[in-house]
Every structure is written in C-alpha cells, then in structure tokens.
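Colleague: I would like to learn how to read the features of this model. Could we take them one at a time?

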Amino acid sequence: AANIKAIETAVASYEAANGGQIPAELSVLIENDYLKEEPRCPLTGTQEYTINSDGTVTCSNCQSNDND
C-alpha cells in the first residue's frame, strides 16, 4: 500500500495546486516534480498504476490496494 499512498499523496498535492484538476497519468506527476519516478508494483516489478477519476490509485496487478 506504500506505493499507492505515495501516488495518492502526489495526486492530492497536484490537485490542490491545479484548481482541483486530477492528473490523467502518472507522467504528469513526474513531469511536474510531484514524483521522482513511477513506482513499480512489488508483486511484478512493472509499472502498472492507474489514477482514477476520483483521485484514487489502483494497481492492475494487485487484487486490492493493500498488496503494494
């Protein structure tokens, strides 16, 4: 859950600084220095995180948000 929490924190910071706009992709957070790099799923080692329209983050490799 640490990766998801870190990404969701970055999303919230971005949202606060950009008039409530939620970034569509993780690359936006990286390009704007909210994240250093895209985290990798600890189960597979791949970069499979998605930012949902409500600002929550999911990992396509995990059954739930608790696995990473």
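**Reading the model**

Modeller: Start with C59, which is buried at a relative accessible area of 5%. Buried means under 20% relative accessible area, exposed over 50% and partly exposed in between, with a 1.4 Å probe and protein chains only. The model is predicted, so local features need pLDDT of at least 70 and side-chain atom pairs count only at pLDDT 80 or more, while totals for chains, interfaces and linings use all residues. Residues are numbered from 1 along each chain as its sequence is written, and side-chain values use heavy atoms, without hydrogens and water.

Colleague: How many disulfides are there?

Modeller: A disulfide is a covalent bond between the sulfur atoms of two cysteines. The rule here asks for a pair of cysteine sulfur atoms within 2.5 Å, and the count is 0. C41 is in no disulfide: its nearest cysteine sulfur belongs to C59, 3.6 Å away. C41 is also buried, at 2% relative accessibility.

Colleague: Which elements does the chain have, and in what order?

Modeller: The order from the N terminus is α-α-β-β, giving 2 helices and 2 strands. Both are DSSP runs numbered from the N terminus: helices are H or I of at least four residues, strands E of at least two. The radius of gyration, over C-alpha atoms, is 11 Å, close to the 11 Å that the globule rule gives for 68 residues, so the chain is as compact as a globular protein of that length. That rule is 2.2 Å times the number of residues to the power 0.38. Along the principal axes, the C-alpha atoms fill a box of roughly 35 × 20 × 15 Å.

Colleague: Which residues have the most contacts inside the largest nonpolar core?

Modeller: In soluble globular proteins, nonpolar side chains tend to be buried together. A nonpolar core is a set of buried Ala, Val, Leu, Ile, Met, Phe, Trp, Tyr and Cys residues joined through side-chain atoms within 4.5 Å. The largest one here has 14 residues, and I7, L26, L29, Y49 and V57 have the most contacts inside it. Two or more residues come from each of α1 (2-17), α2 (26-31), β1 (49-51) and β2 (57-59). The largest share, 5 residues, is from α1. Across the chain, 28% of the 68 residues are buried.

Colleague: How many aromatic pairs does a search of the whole structure find?

Modeller: Rings of Phe, Tyr and Trp (its six-membered ring) pair if their centres lie within 6.5 Å; planes under 30 degrees apart are stacked, over 60 edge-to-face, the rest tilted. The search finds 1 pair. Y14 and Y34 are edge-to-face, at 5.5 Å centre to centre and 75° between the planes. Y14 lies in helix α1 and Y34 in the loop between α2 and β1, 20 residues apart. Y14 is buried at 9%, whereas Y34 is partly exposed at 28%.
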